[in-house]
There are 2 protein chains.
Amino acid sequence: MLELAILGVLKEQELHGYELKKRLTDALGAFSSVSFGSLYPALARLEAAGAVRAVSPGPQAPLPAPAVPMTGSIAGEAAAFRARRAAARPARPSRTRKVYAITERGEALFEELLVADSASADDDRAFNLKLAFCRYLPPERRLGLFEQRRALLVERLAKARTTHRTRLGRMDLYTQSLVDHGTEATERDISWLDRLIAFERQGGETL
Amino acid sequence: MLELAILGVLKEQELHGYELKKRLTDALGAFSSVSFGSLYPALARLEAAGAVRAVSPGPQAPLPAPAVPMTGSIAGEAAAFRARRAAARPARPSRTRKVYAITERGEALFEELLVADSASADDDRAFNLKLAFCRYLPPERRLGLFEQRRALLVERLAKARTTHRTRLGRMDLYTQSLVDHGTEATERDISWLDRLIAFERQGGETL
DNA sequence: GACCGATATATCGAGCCGATATGTCGGACC
DNA sequence: GGTCCGACATATCGGCTCGATATATCGGTC
């Protein structure tokens with residue numbers, strides 16, 4: 001699942017591991033922080049599979065403008081200040097980094113991972129990830145992805161309703177509230193998907 | 001994290017692994033299906049730590065009435081029919097099972113796990129799990145749990161808003177929709193927690 | 001009486017995570 | 001000007017969970 005994320009980011013720009021992690025953790029948002037303990041092995045796997053290759057850290061695209069970081073501590077603020085000053089200087093080469101680029105095999109693997117139905121455990125995170133990269137899919141594949149997801153949610157909802165009906169009395173208030181809240185969230189997810197599907201069908205601009 | 005779930009279920013009734021798995025997968029709901037590959041090692045760990053012990057499969061509490069299972073296949077339906085018939089007979093001892101019971105050390109561990117702040121990765125699942133067992137907490141601890149969770153969500157929301165503001169233009173429509181939907185979900189989670197907190201403060205019955 | 005599926009326990013490989021180790025580099029401070 | 005600190009950068013380790021698989025028993029079907 002991490003491979004997909006790595007390939008998706010590398011598709012846009014070649015990067016080294018450390019920067020890649022930063023992109024992943026803020027692009028893929030508050031949920032699912034990527035750790036180095038997963039990232040570097042994943043990169044090694046991808047390199048072994050020929051999906052990415054290490055390139056010489058030659059003349060890169062201009063460094064991204066550093067966004068103001070959220071540190072929440074005095075020391076962190078000072079560090080951020082220094083970081084901004086440092087970033088204002090011309091790009092330092094820093095010869096100890098390994099810059100990775102996606103290969104053709106990597107592009108193929110990316111497409112494959114994007115349509116493969118994911119492991120049932122972290123299904124939710126996997127779908128979010130796919131959605132973040134589904135712009136690379138042809139429209140009919142994208143639609144298929146959405147509908148597949150919708151079917152899964154509908155099934156989950158039906159199961160939840162059955163559970164709710166059969167053992168309503170045997171749940172305490174907190175568990176009941178949890179289940180109800182989860183059911184509502186699933187319903188909202190479904191109607192959100194309905195909006196995405198409608199948008200896709202009309203091929204329009206009003207999401 | 002799985003330890004907490006096991007202890008919580010064993011707190012109510014002593015069970016063997018297979019039945020324990022069934023309870024976990026339908027009690028902890030559609031999300032997070034527990035696998036044997038986690039369950040049996042976890043049981044072994046707990047036994048090694050003295051938190052649970054294997055008891056003789058002596059005269060048990062009456063077997064739970066089997067709920068009508070959702071199978072979704074013809075063969076499954078037939079199997080369910082046989083299962084119902086089988087369950088109608090008196091409890092079969094089936095001497096190959098190991099029945100586990102919680103110990104005093106297990107109870108202590110349970111309380112400890114219930115208030116410990118969990119790993120950041122699967123924070124959400126951990127909180128859901130804690131909520132399912134928070135009835136065992138004294139009211140002020142429960143309130144603390146809710147407020148801690150609320151603070152985490154508020155922080156997550158603030159971070160999401162910052163991200164949204166700083167790189168709105170650089171996201172495609174799908175990613176934007178994903179982020180927006182996630183933000184809404186977090187807002188709903190917060191107001192849900194507010195209801196739980198209000199319920200807790202008034203100590204009343206209207207959840 | 002052979003077969004099948006439910007019951008039941010257990011192990012294996014792989015992936016991911018948090019923690020940690022190691023090293024470089026630039027700037028701050030005295 | 002030397003030293004220390006923190007950011008940058010790569011990598012490994014142990015532990016947990018997962019899906020898949022192996023193994024065995026038992027009841028019911030054909």
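This is a predicted model: local features need pLDDT of at least 70, side-chain atom pairs count only at pLDDT 80 or more; totals for chains, interfaces and linings use all residues.

Colleague: How many helices and strands does chain A have?

Modeller: Chain A comes to 8 helices and 3 strands, and if you read from the N terminus on, the elements run α-β-α-α-β-α-β-α-α-α-α.

Colleague: And what share of chain A is buried?

Modeller: Of the 207 residues in chain A, 23% are buried.

Colleague: What about contacts between residues 24 or more positions apart in chain A?

Modeller: Such pairs account for 70% of the contacts in chain A that have a separation of 6 or more.

Colleague: Changing topic, at what angle do α1 and α2 of chain A pack?

Modeller: Helix α1 of chain A, residues 2–12, packs against helix α2 of chain A, residues 17–27, at an angle of about 105 degrees, and their axes are 10 Å apart. Angles of 65 to 115 degrees count as roughly perpendicular, and α1(A) and α2(A) are therefore roughly perpendicular to each other.

Colleague: Which residues meet there?

Modeller: From α1(A) there are Ala5(A), Ile6(A) and Val9(A), and they meet Leu20(A), Arg23(A), Leu24(A) and Ala27(A) from α2(A). Sorted by class, this contact of α1(A) with α2(A) has 6 nonpolar residues, 1 charged residue and no polar ones.

Colleague: Now chain B, how do α1 and α2 pack there?

Modeller: In chain B, helix α1 (residues 2–12) and helix α2 (residues 17–27) pack at about 105 degrees with axes 10 Å apart, which makes α1(B) roughly perpendicular to α2(B).

Methods
Residues are numbered from 1 along each chain as its sequence is written. Chains are lettered from A and ligands numbered from 1 in the order in which they are written. Axes are lines fitted to C-alpha atoms, for helices over the stretch in contact, and angles run from 0 to 180 degrees between N-to-C directions. Helices (H or I, at least four residues) and strands (E, at least two) are DSSP runs, numbered from the N terminus. Angles under 35 degrees count as roughly parallel, over 145 as roughly antiparallel, 65 to 115 as roughly perpendicular and the rest as oblique. Two residues are in contact if their C-beta atoms, placed from the backbone, lie within 7 Å. Ala, Val, Leu, Ile, Met, Phe, Trp, Tyr, Cys and Pro count as nonpolar, Asp, Glu, Lys and Arg as charged, and the others, Gly among them, as polar. A residue is buried if 20 or more other C-beta atoms lie within 10 Å of its own, exposed if 12 or fewer, and partly exposed in between; C-beta atoms are placed from the backbone.
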